[in-house]
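Trainee: Please pick one part of this model and look at it closely. After that, connect it to what lies around it, one step at a time.

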Amino acid sequence: MKTKAAVLLEMGRPMPYAATRPLEVLEVDLEGPGLGEVLVEVKAAGLCHSDLSAVDGTRPWPLPLVLGHEAAGIVRAVGPGVGDLAEGDHVVFSFVPMCGNCRYCAAGRPHLCERGVQANREGRLLTGARRFSLEGRPLHHHLGVAAFSQFTVAARESLVPIPKEVPLETAALFGCAVATGVGAVLNTARVEEGASVAVLGLGGVGLAAVMGAALAGAHPIVAVDLLPHKVELARGLGATHGVVVGDGDAAEAVREITGGGADYAFETAGSVAAMELAYRATRRGGVTVTVGLPQPERMLALPAVGLTAEERTLKGSYMGSSNPRRDVPRFLALYRAGRLPVDRLLTGTLPLEAINEGLDRLAQGEAVRQIVIP
Ligand SMILES: NC(=O)c1ccc[n+]([C@@H]2O[C@H](COP(=O)([O-])OP(=O)(O)OC[C@H]3O[C@@H](n4cnc5c(N)ncnc54)[C@H](O)[C@@H]3O)[C@@H](O)[C@H]2O)c1
Ligand SMILES: [Zn+2]
Ligand SMILES: [Zn+2]
């Protein structure tokens, strides 16, 4: 079949993207679904900073690439061997497919799935296939999802069924921003009631972490960003205090508010500077969790003796250490009960043709989660 898709042909074009247009909306061919695969009509796809990182080259992927990894849609056809999904089912995509058999999946850590991560690196589905092509030349799938397309084909292991009552525009965010931000707090750090939390970087992921900290009963919850309007937004989602980076030493401000540093500091900005800030904002004996994804060559330097003498913990968090089959339904239920106000992350919708303008708004910090309606 034919489908309209936003394709990244080349990385590193400069801003403004409205002028340089790194994503080209093209009519491409889509095959399948093959064995173990599912054809999904994408109804909503969020613009995440990780998409921007693919465009600007911070996170390089094989090209050409059908971009987009945070999405929800409706099953239109299932391939052979898919017995537990049917046409008409609503699904959220997981940006790591979970093979179910590798050592990580077996250990209950499917977000680190060996085969899933390898398939993602190669820009292929977990089945090994690439289903998009342009004039006979195969295209790569972004994280097994390739969501900025009217239709996409995904491995069964990249999909989680959801109740039909959930609006798909909101549901999309559970695949990345919510899984990552809420998961970092509840799964990776396991923040306990009354613990102090700082969140550094208040995009879709960081604001979801603020919501997660409120849900966990953390106090105080200090929201930190370069942009004052992001800090204001966080206050409405459960942050008890706000710090704007640039108004003096932000780490010192967090240390003051929390009486010596946060028990848990989450870096959700994607820069080494923010990681260092998060580490300095953590108390003795505390836990610093990194969620952002800086460029692969960047190194992080920390005071070595402090790690030992202050008994610090530094933890990475990928996809919020989530098991999507467990956590998407769990977090959706909390949203539906009014305990995770995920709707508040939505900044608006845009057609596929306006995706480059959307990248500019994300890069400039004007938007939290814009939803592409392909
Ligand atoms: N670990 C994962 O599984 C995972 C999943 C999704 C996204 N990410 C990464 O998380 C990061 C955030 O993603 P997002 O979509 O929320 O991004 P975003 O662009 O929407 O938000 C980032 C925020 O960080 C702020 N910021 C930048 N530098 C800062 C600094 N030094 N101190 C404080 N704040 C700073 C920006 O002003 C912005 O508000 C990105 O690096 C993204 O690639 C990781
Ligand atoms: Zn993402
Ligand atoms: Zn696995």
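Mentor: A residue is buried under 20% relative accessible area, exposed over 50% and partly exposed in between, with a 1.4 Å probe and protein chains only. This is a predicted model in which local features need pLDDT of at least 70 and side-chain atom pairs pLDDT 80 or more, while totals for chains, interfaces and linings use all residues; side-chain values use heavy atoms, without hydrogens and water. Residues are numbered from 1 along each chain as its sequence is written, and chains are lettered from A and ligands numbered from 1 in the order written.

Cys 48 sits in the loop between strand 3 (37-46) and helix 2, and Cys 176 in the loop between helix 5 (168-171) and helix 6 (177-189), so the two cysteines tie together parts that are 128 residues apart in sequence. Helices here are DSSP runs of H or I with at least four residues, strands are runs of E with at least two, and both are numbered from the N terminus. Cys 48 has a relative accessibility of 3% and therefore counts as buried. Cys 176, at 5%, is buried as well.

On the helix 2 side, His 49, Leu 52 and Val 55 meet Leu 359, Leu 362 and Ala 363 of helix 13; contact means heavy atoms within 4.5 Å.

Leu 23 belongs to strand 2 (residues 23-30) and is buried, at 2% relative accessibility. Its contacts, leaving aside neighbours within four places in sequence, include Val 55, Leu 67, Ile 355, Asn 356 and Leu 359. Ala 6, Val 7 and Leu 8 are also among the residues that Leu 23 contacts.

Val 178, Ala 179, Val 182, Gly 183, Leu 186 and Asn 187 of helix 6 meet Arg 326, Asp 327, Arg 330 and Phe 331 of helix 12. Val 182 has a relative accessible area of 1% and is buried. Neighbours within four places in sequence aside, Val 182 touches Ala 177, Ala 208, Ala 209, Gly 212, Phe 331 and Leu 340. Leu 215 lies 33 residues from Val 182 in sequence and 9.0 Å from it, C-alpha to C-alpha.

Helix 12 (residues 324-336) also holds Val 328, which is buried at 5%. Not counting residues up to four places away, Val 328 is in contact with Val 92, Val 160, Ile 162 and Phe 174. The C-alpha atoms of Val 328 and Phe 266, 62 residues apart in sequence, are 21 Å apart.

For comparison, take the zinc ion (ligand 3). Cys 99 (SG), Cys 102 (SG), Cys 105 (SG) and Cys 113 (SG) coordinate this ion at 2.3 to 2.4 Å, with the spacing C-x2-C-x2-C-x7-C. The angles between the four donor atoms are 102 to 117°, so the arrangement is tetrahedral, which for four donors requires all angles to lie between 85 and 135 degrees. Cys 99 is buried at 10%, and Cys 105 at 13%.

Some backbone details remain. The peptide bond from Met 15 to Pro 16 is cis, with omega near -5°, and the one from Gly 32 to Pro 33 is cis, with omega near 5°. Glu 135 has a phi near 50°, positive in a residue other than glycine. Glu 135 lies in the loop between strand 7 (132-134) and strand 8 (137-138) and, at 77% relative accessibility, counts as exposed. Glu 311 is not a glycine either, and its phi is about 45°. At 62%, Glu 311 counts as exposed.

Notes
Donors are N, O and S atoms within 2.8 Å of the metal (3.2 Å for Na, K and Ca); water is not among the atoms, so sites may look incomplete. Four donors count as tetrahedral if all angles lie between 85 and 135 degrees; four count as square planar and six as octahedral if opposite donors are over 155 degrees apart and all others between 65 and 115; anything else is irregular.
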